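Here are a few friendly notes to read alongside the model. Please keep the coordinates open as you go through the points.

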Amino acid sequence: MKNIKKIKIPGIQKKIIAIVIASVGLSIGISTVINLMVISNTLTQNAGEKIFLISRKTHDIVMGKIDKEFSLLRLIASSPYTQQELASANLFYRDSHASLVEERSGIIDRDWNRQAASAEILKSDIENTPLSQYLRDLQSTEPSEVEMFITDKQGFIIAMSNRTTDYWQADEEWWQQAASGKIYISSPLYDESSHYWALNIAVPVYKNGNQTSFTGVVRGTIDITSLLEEIFNIEFGESGRGFFVSNDGKIYSRLGESLDIREVPENYHSRIDNLQDGWTGDFPDIDGIDTVAAIHNLEYDGQNIGKILILMKQSELKTILLSTIKENLFIAFLLIVILSVIGSFSANSILRILNTLNKEVSLIAKGDYSHSFSKSIATSTDPDIQSLVESVSSMSSAVQDREKALQANEKKYRHLVETMNEGLLMLNEVGTVMYANPRISEMLGFSLEEIIGTSYFQFIAEKEISNTAFQWTLREDGFQHSYETVLLKKSGEELHVLISPQRLVNEENEFTGSLAVVTDISRNKEVELTQQKKIEELASLRRIDTAILSGNNLKSVIEVILEQFKNELKADAVSIHIFHPHSTRVRLSKAFIQNKKITCAKNDIHHRRIHEHIEDNAGCLYTADINDQILWEKLSEIDIKTLYIAPILVGENRKGILEAAFTSTVNINDEWLSYFNALITQTAVGIEKTELVEVLQTRNKELQEAYLSTIKGWANALELRDEETRGHSDRVVQMALDMAIQFGFTGEALENFRNGALLHDIGKMGVPDGILLKPGKLTDEEWVIMKKHPVFAYNLLKGIPFLNNALEIPYYHHERWNGSGYPHGLQGESIPLSARIFAVVDVWDALTSDRPYRPAWSRETTAKYLIENKGIQFDPHVVDVFLDMISRKQEPIS
């Protein structure tokens, strides 16, 4: 006891009490603050997700019931009872007069509806048929079935489980929809026959399943309190309830044993429609109270039935939050008081026992189980010490036994884990690595000491962080499945792996972490990436093919090729130099550097080096003294680590040279060279093709110029023959071309227009001089010959292929709008537009020019003539456009 006093128990006691109080107070304070932050941020989300899960499960149950109901109706429809009865009932209409059918839908249906005595026999006959009994038997097995009946193809009831209010149903919407071949399902309504709030559903009946042979309709009425029971049964917390919202603007819930049905305001209904299959934390209920809401659409075979709506008041969440805070504060205060009292009374006794047994227990703790307690401890009469001695002795024996068993098991399982081919990680509830096997260390290149104690997420590639976090969340929520991700090795390399997780839980089934088997799938990914690269390379070559086939412009083809070198070979800069045909003189140099496309300046090109390289006819790789080899001086502005120069050849014909520069060291292997050479080959093909096109274009242009010279020669020859029209062709052609452009003629069509205008009177070459140059008035016989000059023109030009599309003006420019022209008397828009345009211009030039037999008319007089002959000789619209053009080009016509 003297030794115990030397320990200064009161001081230690105070410290223990103070530490206990401070620790408990601080822990509870911190946990309260954290709870406030976490609960306030996640309480609404958790509530929303949970009620959405409830709504989804409820939706599945209700839809299962609806599907079951339709299956029952289809079973009835295909039943031999139903088929036989309908065949018999429908036979009546084939053999009966139409007036009998009208009587049944009129008088009999009215008596049935009024419950007249005359209809009682019919009702009784229908009720007592075997088919009606069949319906009642089925109804007895389905509590939710309020009513079932069957109608024939005219809508008259032939079987029923209960009496209905109407005999004839063909004027009802549900019957008409089912008769059209569609299933029918209604909004909730009050059924007059059964006196239930119910849903009506109906299916068509076909003879032996043949959908072209309609025979009747089967209808069922389902009690919504039974059908939607799972919705109305939803009750949780103080305010959580389930509702059904129908399409006709009503909201249904259960109030005691009865239904509560309320009209939904229009604005509230639109808010429900906007919340499609999801949840929200900010949704007022029908009374304007803020709630957390979840909704699910009920839809069957394309028909919308209504919506499941689950609401929980936000005030309940706030109450939970406040209650949690109060409980924490109360527990904190209570714990501090209790622990202070307990600490005060027990600290002295505990410290005495601990001080006495300290040395003995420390030996046991070190594994020295052979040690015996000292005589003073073993013979002590202190009950606490005796109890502790007995407990420690028992503990020593038990620990020895368990250690031996654990060591054996541990040795077995450790060997299994440490020799497995896959990596293994054990993570705690926050993702910290608690254990890693040697294989995962080999895979990542980190030592086990570097892995253990580190967050698992530190080994995840940045691009996979969000997906891995999502998978972790799934694990917390109880889901687990394998997934692919990318880990980062210590070297910085990426490792593609397959994670096969196993969720770890405690005795209360609470998530405590995850065990993950990590399988290296990098080889599979390499094969996949190699295949993808090959596909991309083929696509790149295809883009060059497309550019070559679709474009005749060498610059555009070269730009596509440069783009492929940048995107597919990841070149930092490329310059390409195209030679003149059959020469090594550079005619075009294009490049890109630092993502900028540039036309190379001639002074920046090292022509001497180009000649030196092109002589080798082979590609050259440079990794040193690169600036002494570059062909384009601008490449010296970047830090080039790898340069590859290759000629562009078509056979032995040199088309150009290309250099590709890289700011990193490139592994130039066979695969890389194969793709590089494929791009070079495509480049050569593109250059060869555009050169051929350029040659063809040059030849075509020369040929067109020759044609035009020939046409102008013919026109001049005609003017030499007829002095009166000298200069007429040049003037009229230019004005006619201006008009053609006004009417949208372009390209080849405009060129054909020009040729036709130049040759408009070429047919006069076939008119004898005696008629063509006659100074006096022509006779009727001579006019017949003169009017043939358009036909002469047609016969002269039709055999010349390049003038086939220029015949319209020479052949038709003497036709008149009203059909009085020649040679064919065409009328209106049947006259080609080019001929209508030229006719106006031709007459304008003829009248405003001097002739031997009259002076030139004034512009005003000529314009008046054109206007007077609109709709007679000329196209009115063409005259208006022409006069407008003349007014804009010269002084306005007064």
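At roughly what angle do the axes of helix α27 and helix α29 cross? Point 2 takes this up, after a word on the model.

1. This is a predicted model, in which local features need pLDDT of at least 70 and side-chain atom pairs count only at pLDDT 80 or more, while totals for chains, interfaces and linings use all residues. Residues are numbered from 1 along each chain as its sequence is written, and side-chain values use heavy atoms, with hydrogens and water left out.

2. The axes of α27 (residues 833-847) and α29 (residues 876-889) cross at roughly 50 degrees and come within 10 Å. The two helices are therefore oblique to each other (angles under 35 degrees count as roughly parallel, over 145 as roughly antiparallel, 65 to 115 as roughly perpendicular and the rest as oblique). On the α27 side, Leu833, Arg836, Ile837, Val840, Val841 and Trp844 meet Val878, Val879, Phe882, Leu883 and Ile886 of α29, contact meaning heavy atoms within 4.5 Å. By class, this contact has 10 nonpolar, no polar and one charged residues.

3. From α21 the contact takes Ser729, Val733, Ala736, Leu737, Ala740 and Ile741, and from α22 it takes Leu750, Phe753, Arg754, Ala757 and Leu758. Nine of these residues are nonpolar, one is polar and one is charged.

4. Do look at the second largest pocket, which holds about 630 Å³ of space. Its lining is made up of Asn46, Glu49, Lys50, Phe52, Leu53, Arg56, Thr473, Glu476, Asp477 and Phe479 (a pocket is an open set of points on a 1 Å grid, where a 1.4 Å probe fits, with protein on both sides within 12 Å along at least five of seven lines; lining residues have an atom within 4 Å of a point). α2 gives the largest share of that lining, six residues. By class, the lining has three nonpolar, two polar and five charged residues.

5. Two backbone details deserve a check. The peptide bond from tyrosine 822 to proline 823 is cis, with omega near 15 degrees, and proline 823 sits in the loop between α26 (808-812) and α27. Asparagine 208, although not a glycine, has a positive phi of about 55 degrees; its place is the loop between β5 (196-206) and β6 (214-223).

Key
Helix = DSSP H or I, 4+ residues; strand = E, 2+ residues; numbered from the N terminus. Nonpolar A, V, L, I, M, F, W, Y, C, P; charged D, E, K, R; others polar. Points joined across faces, edges and corners; volume = space filled by probe spheres on them. Axes fitted to C-alpha atoms, helices over the stretch in contact; angles between N-to-C directions.
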